[in-house]
Amino acid sequence: MRKIIVALAGMLALIAGLGGQAQAHGPSRLKTDQSVTLNASAADVWAAIGSFQQMDWLPGVAKIEATGNEKGATRTRTLADGTVVQEELLKLDPAKMAISVRLTEDNLTYVKATNYALHLTVKEQGGKAVVDLKGAFYRAYPQNDPPADQDDAASTASVEALHQGLIDALVARFGAGG
Amino acid sequence: MIRLAALLLMAGAARADVAAITSQNAGMLTLVQTENLEIVASTPLPGKPAAVALDAARGRVMAVAVETARLHVFDLAGNPLSDWPVAGAPFGLAIRPDTGTALVTDQAGALLREIDPATGRQLAQWPTGALPSGVAEGGGWIVVANRDGDTVTVIRGDAAQEIAVGHHPFGVTLLGARAFVTDVLSDQVSVIDLAGGRVIANIPTGERPYATAFAAGRGFVTNQYDASLTVFDEESLKVVARIETDDYPEGIAASSEGQILVANWFSDTVQVIDPVSMQVVETLDMPEGPRAFGAFTGAKAP
């Protein structure tokens, strides 16, 4: 399968090469969009996840050192496996139940992406909380001709896997809402 | 001459604007009639297009596909007319109203290129600062925002001047003899007096300002990370309001009917804003990843 993909990529490169100016520009920004319905009210879910200073709902976070809970605050988050993530709070809007966080330093161990930002929103739908997880980022490899494990598809898959981990943690805590 | 003016006036009354929206992730060009907000065409535009400009007088839309490094030319019904390879890494785009030629920034070569959209031939080039991004033309001025140079290049005739601005200037819009440049990493707009060749004011914005448009005596700046517009008075240059938008607002332009249109990259929408009441009056769904970087509106001949 891998061989076929490599062969296909080679063919595509060849076809694009005939155009003369293939991949003249760097990467374009990518996005992901995932959501989950939970067996809890939106208010209860927001009470758990609507903070920059604590993430008790998420397993595997060993330590959080945050400068505050206001837009512009930064935090150093140390994971159980030793990975250290540097983040900034872009938005915290309790009225809209929306929180946005970006990595201030790319960390390919944490997620294979650069300039990564996560936008979490909670909405009430039929008495259940719907959590929407949106990622905005560039691929891990910032130059042209990325290796296969750092191209657009690999970086998108990495962000989706990270967000699936967040979804799994929410389902473990609140239960799936159907 | 008087008869021509009268004809033009009559034509003006019957005119409706077209807004041309590039969707970068979907690889689509969407044309919206601004009068009734109907989508009149949806055309494939591959190669991750971002910059777009509309030439009302000649009935053309042009867009730059960054991945394939091509300049695409369409009519106002969305029919592709031609597309041309452009040297280097083309990104930003403006159309010279007097000639209908395309001004394209080359991020690899640190150049501005002038391209004939009928033949794809390069007519002229000017050196710029590092990573030239947005470009605007008006009143005999050409202004280029040099993202990695933290400068703008101001070109008038044979003369060119580089002026220091804030950090990562990206979008540039002209109003009279002033240029308004969004300094993405400084969270401000630099206001440049073009005749004097200097920055005369900095307007504070929300986080990650992207582009500016003018209507009803006010300037409207998209703030990508803040999901908002900063509104300032075009005379006093004072901030007067903040308008919330959908996520990652980017390209912004005014229609001749006096609306402000904003392309929201993350939310896949275009929002229409009344510049007087400063309210969002309509939200349209777009193909994935609308960016519409440039002067993307213009009147369609009847």
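## Chain A in outline

Of its 178 residues, 28% count as buried. Among the contacts in chain A that join residues at least 6 apart in sequence, 53% are between residues at least 24 apart.

## Confidence in chain A

The average pLDDT of chain A is 87, and 85% of the residues score at least 70. Over residues 1–24 of chain A, however, pLDDT stays under 50, and for this stretch the model has 16 contacts beyond four places in sequence. Where pLDDT is low, the predicted coordinates should not be read in detail.

## Helix H3 of chain A

Helix H3 of chain A covers residues 152–174, and its 23 residues should span 33 Å at 1.5 Å a residue, which agrees with the 33 Å that separates its end C-alpha atoms. Just after H3(A) comes Gly175(A), which takes a positive phi of about 85°.

The buried residues of H3(A) are Ser155(A), Ser158(A), Val159(A), His163(A), Leu170(A) and Phe174(A). An α-helix has 3.6 residues a turn, so residues three or four places apart point the same way. The cover over the buried residues of H3(A) includes strand E1 (30–38), helix H2 (42–49), strand E6 (113–125) and strand E7 (128–139) of chain A.

Strands of a sheet pair through backbone hydrogen bonds, either parallel or antiparallel.

Strand E1 of chain B, residues 16–23, pairs with E28(B) in the antiparallel sense over four bridges, and Ala16(B) stands opposite Lys300(B) in E28(B). E1(B) also pairs with E2(B), again in the antiparallel sense, over six bridges; here the bridge partner of Ala19(B) is Val32(B) in E2(B). The hairpin of these two strands, E1(B) and E2(B), has four residues between the strands, and in this hairpin Gly27(B) takes a positive phi near 70°.

Strand E2 of chain B, residues 28–33, is mostly covered, with five of its six residues buried. Six bridges join E2(B) to E3(B), and the two run antiparallel, with Leu31(B) standing opposite Ala41(B) in E3(B). The hairpin of E2(B) and E3(B) has four residues between the strands, and in this hairpin Leu37(B) takes a positive phi near 60°.

## A second sheet in chain B, E12-E13-E14-E15

Another open sheet of four strands in chain B has the order E12-E13-E14-E15, with antiparallel pairing. Strand E12 (132–138) and strand E15 (159–164) of chain B stand at its edges, each with a single partner strand, so one side of each is left without a neighbour in the sheet. The twist averages 20° from one strand to the next.

Within this sheet, strand E13 (residues 141–146) and strand E14 (residues 151–156) of chain B pair in the antiparallel sense over five bridges, and Ile142(B) stands opposite Ile155(B) in E14(B).

## Arg242 of chain B

Arg242(B) is found in strand E23 of chain B, which covers residues 239–244. Arg242(B) counts as partly exposed because it has 15 C-beta neighbours inside 10 Å, whereas a residue would need 20 or more to be buried.

Residues up to four places away in sequence aside, Arg242(B) touches Gly206(B), Ser228(B), Thr230(B) and Val231(B). The C-alpha atoms of Arg242(B) and Met278(B) are separated by 8.6 Å, although the two residues are 36 residues apart along the chain.

## The largest nonpolar core

The largest nonpolar core holds 123 residues, of which Leu93(B) and Val152(B) touch the most other members. The largest share of this core, six residues, comes from E6(A).

Leaving aside residues up to four places away in sequence, Val152(B) touches residues that include Val143(B), Val144(B), Ala145(B), Asn146(B), Ile163(B) and Val165(B). Also among the residues touched by Val152(B) are Pro169(B), Val172(B), Ala179(B), Val181(B) and Ile192(B).

Conventions
Residues numbered from 1 in each chain as written. Chains lettered and ligands numbered in written order. Predicted model: local features only at pLDDT ≥ 70, side-chain atom pairs only at ≥ 80, totals over all residues. Pairing = 2+ DSSP bridges. Buried ≥ 20, exposed ≤ 12 C-beta atoms within 10 Å, placed from the backbone. Contact = placed C-beta atoms within 7 Å. Expected span 1.5 Å × (residues − 1). pLDDT = per-residue confidence, 0-100. Core = buried A, V, L, I, M, F, W, Y, C linked by C-beta atoms within 7 Å. Axes fitted to C-alpha atoms, helices over the stretch in contact; angles between N-to-C directions.
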